[in-house]
Every structure is written in structure tokens, then in C-alpha cells.
Amino acid sequence: MLRDVPVEPPSGAWVFPPPRPDDDLVGIGADLEPGTILAAYRAGLFPMPLGEPTAPGVVGWWSPVRRGVLPLDALRVTRSLARSCRRFDTRVDTAFAAVIDGCADRRREKGWITDEVREAYVRLHQLGWAHSVEAWSGDGVLAGGLYGVAFGGLFAGESMFHEHRDASKVALVALVDILRDGTDRLLDVQWRTPHLATLGAVEIPRADYLRRLREVLGRPLPDAFAAAS
């Protein structure tokens with residue numbers, strides 16, 4: 001059950017080093033306690049294990065030199081995607097565990113969501129910090145979705161999946177609609193992959209990302225996430 005407001009966990013015991021100018025990887029180790037993860041996001045970092053999901057190793061903490069972001073006014077919605085948006089119902093936080101399980105499917109190439117990562121983000125969800133946006137088919141089947149961490153004006157997207165064509169894109173369209181509420185917000189996608197580039201994602205220098213992050217941290221949560229928390 002989610003809380004009425006996000007619950008601030010105890011602070012982590014770790015201090016993150018400053019990022020190096022030419023390296024995305026900032027540090028290795030630490031833990032995946034809620035306080036550690038939230039401190040990382042507030043510093044512009046995110047965790048991703050260095051090992052394979054079936055043989056997890058230590059955790060890497062990343063701050064890309066060229067950060068992927070999706071400007072809310074740059075999302076590309078083709079006519080085909082607009083038709084798909086009418087085929088699915090979208091919901092927030094009704095199936096968080098199922099969404100992260102879909103994203104962690106071992107059949108996916110370059111999967112990185114280990115059991116430890118799954119447990120950590122489910123805990124963040126229970127505390128009111130992590131959220132899912134889901135696309136449901138007309139017969140009540142979870143067709144796709146995405147999840148990430150939200151605080152202030154930041155939504156830090158972590159992963160997305162689909163079982164039906166375009167379902168993950170429909171969830172992304174719904175997320176952008178949630179974030180377009182007249183408040184200054186930042187949609188972080190970590191790295192600009194070719195797939196995300198087709199949807200409008202761009203790269204910005206790390207320094208610009210950190211500046212934007214500081215600007216939005218004090219913003220209120222979007223109503224959809226505040227109501228779900």
C-alpha cells in the first residue's frame with residue numbers, strides 16, 4: 001500500500017565522489033537502500049549493476065557525460081501512435097510490481113534489472129517515491145508500461161516494456177501528459193538510445209542536466225503521482 005505522502009527514509013551511509021569529466025561511471029559499490037538511491041538521484045546519479053541479471057555483481061553509480069532527457073514539448077507522436085493511444089487504457093500505480101517484472105524479463109537483450117534492483121524499487125514504490133504508468137488492453141491485460149522515480153519536478157525514467165505493439169510508447173505519452181501540468185519539470189531518460197531518439201529524446205551536457213535538476217527539485221509532485229502516493 002502506498003503512503004499518503006512519500007516517506008523520507010533514513011539517510012544512507014555513503015558519500016558519492018564527484019563525477020569525472022570524461023567518464024559516465026562515478027562509483028562502484030555502496031548499497032540499494034532507499035536512502036542511498038534517493039541521495040543518488042538528488043545528486044544526478046542512478047544505479048545500474050555491472051554484472052548480468054543472472055549473475056549479479058556490484059552496483060555502478062552513473063552520471064552520463066551526455067545525459068538523455070526528453071523535452072516535454074518534443075515528444076513525437078505519429079499518427080500510428082495516436083491511433084494506438086486510443087486502443088489502450090492508461091493507469092498510474094495499479095500494477096507496479098508487474099511493470100518492473102515486465103521490464104526485467106530475462107528474454108530481453110541487455111537486461112540489467114536484478115532481483116536486488118527489483119526489490120529496491122518495489123520498496124521505493126511502497127514508500128511513495130517510485131511510480132508506474134501502465135497501458136492496459138480493452139480486455140484488461142497489462143500490455144506495457146514504464147516505471148521510474150519521481151520527486152519534485154523530476155521524473156527519472158528507469159525502464160519500459162511492451163507485450164502489445166506500441167504499448168510502452170502509449171505509457172510514455174501518458175507520462176508526458178501527466179508532466180505537462182504547467183510546472184517546470186524534467187524527464188530524465190539516462191541515455192539517448194536510438195529508440196528514445198525516435199520519440200524526441202536529446203542529449204545535454206552533464207553540467208546542464210545538474211543545473212536543471214537543481215531548478216526542479218523544489219517543485220511539487222504532479223497531481224497523478226501525489227494522489228497515488
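Me: Two strands count as paired if DSSP finds at least two bridges between them. This model is predicted. What is the strand order in the seven-stranded open sheet?

Reply: The order is β5-β6-β7-β8-β9-β4-β10, and the pairing is mixed.

Me: What makes β5 and β10 the edge strands?

Reply: β5 (89–92) and β10 (202–205) each pair on one side only. The twist in this sheet averages 35° from one strand to the next.

Me: How do you know that β4 and β9 pair?

Reply: Count the bridges. Strand β4 (residues 66–69) and strand β9 (residues 186–190) are joined by two. The rule asks for at least two, so β4 and β9 pair. They run antiparallel. Val69 has Asp188 in β9 as its bridge partner.

Me: Which strands does helix α5 touch as it packs on this sheet?

Reply: Helix α5 (residues 167–179) touches β5, β6 (130–136), β7 (142–151), β8 (154–162) and β9. Its direction makes about 160° with that of β8. Helix α7 (residues 206–216) also packs on the sheet, touching β4, β8, β9 and β10. The direction of α7 makes about 90° with that of β10.

Me: How many strands form the sheet that contains β1, β2 and β3, and in what order?

Reply: Three strands form that open sheet, in the order β1-β3-β2. The pairing is antiparallel.

Me: Why is one side of β1 and of β2 left without a neighbour in that sheet?

Reply: β1 (25–28) and β2 (46–49) each have a single partner strand, so both stand at the edges. The twist here averages 35° from one strand to the next.

Me: How do you know that β1 and β3 pair?

Reply: β1 and strand β3 (residues 59–62) share three bridges, in the antiparallel sense. At least two are needed, so β1 and β3 count as a pair. Gly27 has Trp61 in β3 as its bridge partner.

Me: Why is Thr36 called buried?

Reply: The relative accessible area of Thr36 is 2%. Buried means under 20%, so Thr36 qualifies. Thr36 sits in helix α1 (residues 34–42).

Me: Which residues is Thr36 in contact with, leaving aside its neighbours within four places in sequence?

Reply: Thr36 is in contact with Gly12, Trp14, Phe16, Ala30, Asp31 and Trp61. Trp61 is also the β3 bridge partner of Gly27.

Me: Which residues touch the most other members of the largest nonpolar core?

Reply: Tyr121 and Tyr147 do, in a core of 44 residues. Helix α4 (residues 115–126) gives the most to this core, with five residues. Another core lies apart from it, with 29 residues, including Leu72, Val133, Leu199 and Phe225.

Me: How do you know whether the chain agrees with a compact globule?

Reply: Set the value against the rule. For 229 residues, a compact globule would have a radius of gyration near 17 Å. The chain has 17 Å, so the two agree. The C-alpha trace spans about 45 × 35 × 35 Å along its principal axes.

Me: What percentage of the residues of the chain count as buried?

Reply: Of the 229 residues, 52% do. The accessible surface comes to about 10,900 Å², and 52% of it belongs to carbon and sulfur atoms.

Me: What percentage of the contacts between residues at least 6 apart in sequence join residues at least 24 apart?

Reply: In this chain, 73% do. Its secondary structure comes to eight helices and ten strands.

Definitions and conventions
Residues are numbered from 1 along each chain as its sequence is written. This is a predicted model: local features need pLDDT of at least 70, side-chain atom pairs count only at pLDDT 80 or more; totals for chains, interfaces and linings use all residues. Side-chain values use heavy atoms; hydrogens and water are left out. Helices (H or I, at least four residues) and strands (E, at least two) are DSSP runs, numbered from the N terminus. Axes are lines fitted to C-alpha atoms, for helices over the stretch in contact, and angles run from 0 to 180 degrees between N-to-C directions. A nonpolar core is a set of buried Ala, Val, Leu, Ile, Met, Phe, Trp, Tyr and Cys residues joined through side-chain atoms within 4.5 Å. Buried means under 20% relative accessible area, exposed over 50%, partly exposed in between (1.4 Å probe, protein chains only). The radius of gyration is taken over C-alpha atoms; the globule rule is 2.2 Å times the number of residues to the power 0.38. Contact means heavy atoms within 4.5 Å. Accessible areas come from the Shrake-Rupley method with a 1.4 Å probe; for residues, only the protein chains shown count as cover.
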